[in-house]
Amino acid sequence: MAMEESNTTYMEVEGESSDDDRDQNWDDWENGEEENEEEAMHSKLLCLFCNSLCDSSNELFEHCASAHHFHFNTLKTTLALDFYGCFKLINYVRSKVAENKCWSCGIICRSKEDLLNHLHEDVSFDNGKFPWNDDAFLKPFLNEDALLYGFDEDDEGEDDVDYMPVDKEELIKDFEHISIDEDGFTFGTEENKPIGSCLSGENSASVTDTTFSNGIVAAEATVSSNRNLDDQNSSLYIAKVAANKIKDVNKNYFGGYSSFGIHRDMISDKVRTDAYRQAILENPSLLKGAVVMDVGCGTGILSLFAAQAGASKVIAVEASEKMAAVATQIAKDNNLLWIGSKNEGSGQGNGVMEVVQGMVEELKNTHRVQPHSVDVLVSEWMGYCLLYESMLSSVLYARDQFLKPGGAVLPDMATMYAAGFGRGGTSIPFWENVYGFNMSCIGEEIFKDASRIPIVDVIDSCDIITNSTVLQNFDLVTMKLEEMDFTAMVELELKGETSANGTTGSKPITSWCYGVVVWFETGFTERFCKEKPTTLSTSPHTPSTHWSQTILTFSEPIAMVFPGTLNVDKMAAVGTDACPAVKIQCRVSIVRAAQHRSIDISLELSGIGPFGRKRNWPAQMFNIL
């Protein structure tokens, strides 16, 4: 068709015409050339990371691969991304670059220049859990982004793959109807009504026979003769799927706590239980006559302590239906259950403990607890690495909705720590001698796997080879939910006294750091526990708890010596035996993962040599699922 149009135009120019017509045609031609030049400028493809402009997507992606370690075609192939997956990936990357955030590991950089220097090979994305797999990225991040029209130009000549015909320009127009805000999806329909308005009423949309590919609505549901309705149906379905996934995670999470074995482990954790018991029972000025809420009560042990301490009322909130029933029975068996009237029951109506089954986030709608009516909020909310599968978000919600102004939160402080560990903190020594047999190949493989997957285990204090340093502090009285996501920089140096490493001519004594171990402490401070403040610690230097510690293993061990060491090879790589590091700088980021109740951890390492030389290692990404 394009060739026929070209011939027709040629024939018209060559036909009979006046001089004026020829002049007019020449002017039109010149004007057309100017317009074409402008159009060509607009059709230039902007790099995803810098300000470079390219003529084709091939050229752009080659530039991104060589200059920014972003291999689009490799990602597309290995992750089996379809048109929509690629479309969302491009918008996702552009949105993260605009925030000076690494698209791959999530690290936030101070400037665009720092980001460009930081960019690295992409981390592995397991089980199809892609951070861009969100329909928010179906809306073009840049207006008139030419790359969105031509990123798959290489596929146009492939005959061995059947693609569903889609008019991309129409598709882009469809995406421009979508508006994403904090309240959810809004579509630019004629009535300009939010899609949320379809969630109730007689005209609620229903979705049937919707085709899905790679976790998103496929083109059959997106481009149709009744586009607005299909868009609304698709968004409704996606919103429902997301909500159902969260419900499933919560169901599995709370269902897991229906096992009595888990509760026995927690109650048997003497460090944990004694800390809470001491904070509750040995601070009478705080608990006597107070209204207490226990978020995630389980068996109700903390609520029982509060009742024993003289609380006037204890509201024990438990999401697990089974455990709520168990806690109710335990309170009843101990004559502590509140049943609504002192005249009801056989001597059991004088209790103060009320068990409420459900998530604390659901209480506001039940009116069973009045807003800002609680004096003391207590919860054992901590998870592995403090934040994994934790109930901190629920505690903060309860604080904001139900705690009186000036009310107490127990515990009120939480602190995360980090330190470097040596070879003894790995499984390598175990496998080197198994009943006299060398099985070190297993230890080596486990070590490699550990550089991608965090290990929850107990580290012996003698295997800690560096100083311990604070990673992050949380004040549960004032913190906001978004503060659960943070980035911290810590410096690790060998602990102990400086030896004779600095003696000229002597070989320095080298220690090898195999990774970072993370633990936490929660504090019941004098702010509320005036009579008896206490601390619950999961440190490797204190008795172990059921939380153990979280071990983040380096991709390779780093050699370290004490500061002042002189006898090293100045030309060797920092962190090797020839030139050990005197300091390791760790940039740690912990963020809530896309999967509900999970967290992602990124680790960036820099080794500082004795003479100030610096070496950086590729960023590592850990996901606790």
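The structure described here is a predicted model.

## Annotated zinc finger region

An unreviewed UniProt entry lists residues 77-104 as "domain: Protein arginine N-methyltransferase 3-like C2H2 zinc finger". In the model, 64% of the chain over residues 77-104 is helix and 0% is strand.

## Nonpolar cores

The largest nonpolar core has 90 residues. Within this core, the residues that touch the most other members are M293, L387, M416 and I590. Leaving out residues up to four places away in sequence, I590 touches C385, L387, M416, L471, M484, D485, F486, I599, D600 and I601. Another core, of 39 residues, lies apart from the largest one, and its members include I90, V97, C105 and L119.

## The loop between β10 and α17

Y388 is found between β10 (374-378) and α17 (392-402). Y388 counts as buried because its relative accessibility is 9%, and the limit for a buried residue is under 20%. The side chain of Y388 makes a polar contact of 3.5 Å with the side chain of E389. The C-alpha atom of Y388 is separated by 9.7 Å from that of A593, a residue 205 positions away along the chain.

S379 also lies in the loop between β10 and α17. With a relative accessible area of 1%, S379 is buried. A polar atom of the S379 side chain lies 2.8 Å from the backbone oxygen of V295. When neighbours within four places in sequence are set aside, S379 is in contact with Y276, D294, V295, L302, V395, L410 and P411.

## Cysteines

The structure holds 0 disulfides. For C50, the closest cysteine sulfur is that of C47, and the distance of 3.6 Å between the two sulfur atoms is too far for a bond, because a disulfide requires sulfur atoms within 2.5 Å. C50 counts as buried, with a relative accessibility of 15%.

C513 is likewise in no disulfide, and the nearest cysteine sulfur, in C586, is 7.2 Å away. C513 has a relative accessible area of 0% and is therefore buried.

## Backbone features

Most peptide bonds are trans, and most residues other than glycine have a negative phi. The peptide bond from L410 to P411 is cis, with omega near -10°. P411 is located in the loop between β11 (403-410) and β12 (413-421). Both L410 and P411 are among the residues in contact with S379.

For Y435 the value is about 50°. Y435 counts as exposed because its relative accessibility is 83%, and the limit for an exposed residue is over 50%.

Key
Residues numbered from 1 in each chain as written. Predicted model: local features only at pLDDT ≥ 70, side-chain atom pairs only at ≥ 80, totals over all residues. Heavy atoms only, no water. UniProt positions renumbered as here; feature names shortened; annotations may be inferred. Helix = DSSP H or I, 4+ residues; strand = E, 2+ residues; numbered from the N terminus. Buried < 20%, exposed > 50% of the residue type's maximum accessible area, 1.4 Å probe, protein only. Polar contact = N/O pair within 3.5 Å; in protein donor to acceptor, adjacent residues only side chain to side chain. Core = buried A, V, L, I, M, F, W, Y, C linked by side-chain atoms within 4.5 Å. Contact = heavy atoms within 4.5 Å.
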